[in-house]
Amino acid sequence: MNDDQVKGRLTDAKGHIKEAIGKAVGNEKLESEGLADQAKGTTQKTYGDAKEDVKDAVKGR
């Protein structure tokens with residue numbers, strides 16, 4: 001597991017928390033920030049997954 005995968009998962013989790021708090025208190029801005037963090041985290045995690053796949057492919061050669 002590389003840094004991008006870890007950071008992506010953490011950012012995604014933070015986004016879920018922000019979204020839930022935003023919904024609970026009726027703060028649309030916080031809810032939107034949470035959704036944005038989730039998207040950012042998913043993108044970063046996917047990038048990290050791709051890096052791992054390439055690394056594994058090169059190792060297997």
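Lys18, Lys29, Glu33 and Asp37 are linked in a network of salt bridges. The model is predicted. Helix 1 covers residues 3–25, and helix 2 covers residues 28–60. The axes of helix 1 and helix 2 come within 7 Å and cross at roughly 165 degrees. The count of salt bridges comes to seven.

**How the helices pack**

- The crossing angle of helix 1 and helix 2 is roughly 165 degrees. Angles over 145 degrees count as roughly antiparallel. Helix 1 and helix 2 are therefore roughly antiparallel to each other.
- The crossing of helix 1 past helix 2 is left-handed.

- Asp4 and Lys51 meet through their side chains in a salt bridge, with 2.8 Å from N to O.
- Asp4 belongs to helix 1 and Lys51 to helix 2, so this pair ties together parts that are 47 residues apart in sequence.
- Asp4 is buried, with a relative accessible area of 15%.
- Lys51 is partly exposed, at 35% relative accessibility.

**Salt bridges within a helix**

- In helix 1, Glu19 and Lys23 sit four residues apart, about one turn of the helix. They form a salt bridge, and their closest N and O atoms are 3.5 Å apart.
- Glu19 is buried, at a relative accessible area of 15%. Lys23 is exposed, at 51%.
- In helix 2, Glu33 and Lys29 are four residues apart, so about one helical turn separates them. They too form a salt bridge, with 3.3 Å between the closest N and O atoms.
- Glu33 is partly exposed, with a relative accessible area of 29%. Lys29 is exposed, at 60% relative accessibility.
- Both Lys29 and Glu33 belong to the network that also includes Lys18 and Asp37.

- Gly8 is part of helix 1.
- Gly8 has 1% relative accessibility. Buried means under 20%, so Gly8 counts as buried.
- Leaving out residues up to four places away in sequence, Gly8 touches Gly41, Gln44 and Lys45.
- Gly8 and Lys45 are 37 residues apart along the chain, yet 4.4 Å separates their C-alpha atoms.
- Leu35 and Gly8 are 27 residues apart in sequence, with 14 Å between their C-alpha atoms.
- Leu35 lies in helix 2. Leu35 is partly exposed, at 43% relative accessibility.

- Thr11 has its place in helix 1.
- Thr11 is buried, with a relative accessible area of 13%.
- Beyond residues up to four places away in sequence, Thr11 touches Asp37, Lys40, Gly41 and Gln44.
- Gly41 and Gln44 are also among the residues that Gly8 touches.
- Asp37, which Thr11 touches, is one of the residues in the salt-bridge network.

- Asp3 is in helix 1.
- Asp3 is exposed, at 57% relative accessibility.
- Asp3 and Gly48 are 45 residues apart along the chain, and their C-alpha atoms are 7.4 Å apart.

- Glu52 is in helix 2.
- Glu52 has a relative accessible area of 13% and is buried.
- Setting aside residues up to four places away in sequence, Glu52 touches Met1, Asn2 and Gln5.
- Glu52 and Gln5 are 47 residues apart in sequence, with 9.1 Å between their C-alpha atoms.

**Points to keep in view**

- The salt bridge of Asp4 with Lys51 joins helix 1 to helix 2.

Definitions and conventions
Residues numbered from 1 in each chain as written. Predicted model: local features only at pLDDT ≥ 70, side-chain atom pairs only at ≥ 80, totals over all residues. Heavy atoms only, no water. Helix = DSSP H or I, 4+ residues; strand = E, 2+ residues; numbered from the N terminus. Buried < 20%, exposed > 50% of the residue type's maximum accessible area, 1.4 Å probe, protein only. Contact = heavy atoms within 4.5 Å. Salt bridge = Lys/Arg side-chain N within 4 Å of Asp/Glu carboxyl O. Axes fitted to C-alpha atoms, helices over the stretch in contact; angles between N-to-C directions. Parallel < 35°, antiparallel > 145°, perpendicular 65-115°, else oblique. Left-handed = near helix turned anticlockwise from the far one by under 90°.
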